[in-house]
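Reader: I am new to this structure. Please show me how to read its features, one by one.

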Amino acid sequence: IKPDGFLISVAGTNVVSMPLAQAVKMLRGPVGTSVTVQLADSSMTHTNTFTIKRSRMVIVDNKMQFLDH
């Protein structure tokens with residue numbers, strides 16, 4: 001995820017106007033399970049959809065980091 005990108009949806013639910021904490025709750029789940037996310041570039045003209053495997057996630061200063069363990 002690029003720093004200037006936007007999270008558009010999580011598991012098919014639009015999260016654009018959602019508070020960060022609420023979107024993070026949707027991203028969270030049992031480690032090793034998958035979730036589909038849609039991301040947009042900074043201009044909101046190009047989107048990509050990814051299915052990612054959940055891992056441990058840490059939020060620091062409104063930024064997310066994913067840990068492999």
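Reader: Is Met-44 buried, partly exposed or exposed?

Author: First, the ground rules. This is a predicted model, where local features need pLDDT of at least 70, side-chain atom pairs count only at pLDDT 80 or more, and totals for chains, interfaces and linings use all residues. Residues are numbered from 1 along each chain as its sequence is written, and side-chain values use heavy atoms, with hydrogens and water left out. Now the general idea: buried means under 20% relative accessible area, exposed means over 50%, and partly exposed lies in between (1.4 Å probe, protein chains only). Met-44 is partly exposed because its relative accessibility is 43%.

Reader: Where does Met-44 lie?

Author: Strands (E, at least two residues) and helices (H or I, at least four) are DSSP runs, numbered from the N terminus. Met-44 sits in the loop between E3 and strand E4 (47-53). Its phi is near 60°, a positive value in a residue other than glycine.

Reader: Which strands pair with E1?

Author: Two strands pair if DSSP finds at least two bridges between them. E1 pairs with strand E3 (residues 34-40) in the antiparallel sense, over 4 bridges. E1 also runs antiparallel to strand E2 (residues 13-14), with 2 bridges. Take Val-10: Val-37 stands opposite in E3, and Thr-13 is the bridge partner in E2.

Reader: What is the phi of Ala-11 in the hairpin of E1 and E2?

Author: Ala-11 has a positive phi near 55°, in a hairpin with 2 residues between the strands. Ala-11 is not a glycine. Ala-11 counts as exposed because its relative accessible area is 55%.

Reader: Which residues does Phe-6 touch?

Author: Contact means heavy atoms within 4.5 Å. Not counting residues up to four places away in sequence, Phe-6 touches Gln-38, Leu-39, Ala-40, Asp-41, Ser-42 and Met-44. Phe-6 is in strand E1 (residues 6-10). Leu-39 is 33 residues from Phe-6 in sequence, yet their C-alpha atoms are 5.6 Å apart.

Reader: Which residues make up the largest nonpolar core?

Author: In soluble globular proteins, nonpolar side chains tend to be buried together. A nonpolar core is a set of buried Ala, Val, Leu, Ile, Met, Phe, Trp, Tyr and Cys residues joined through side-chain atoms within 4.5 Å. Here the largest core has 7 residues: Val-10, Val-15, Met-18, Ala-23, Leu-27, Val-35 and Val-37. Helix H1 (20-27) and E3 are the elements that give two or more residues to this core.

Reader: Is Phe-6 buried, partly exposed or exposed?

Author: Phe-6 is partly exposed, because its relative accessibility is 39%.
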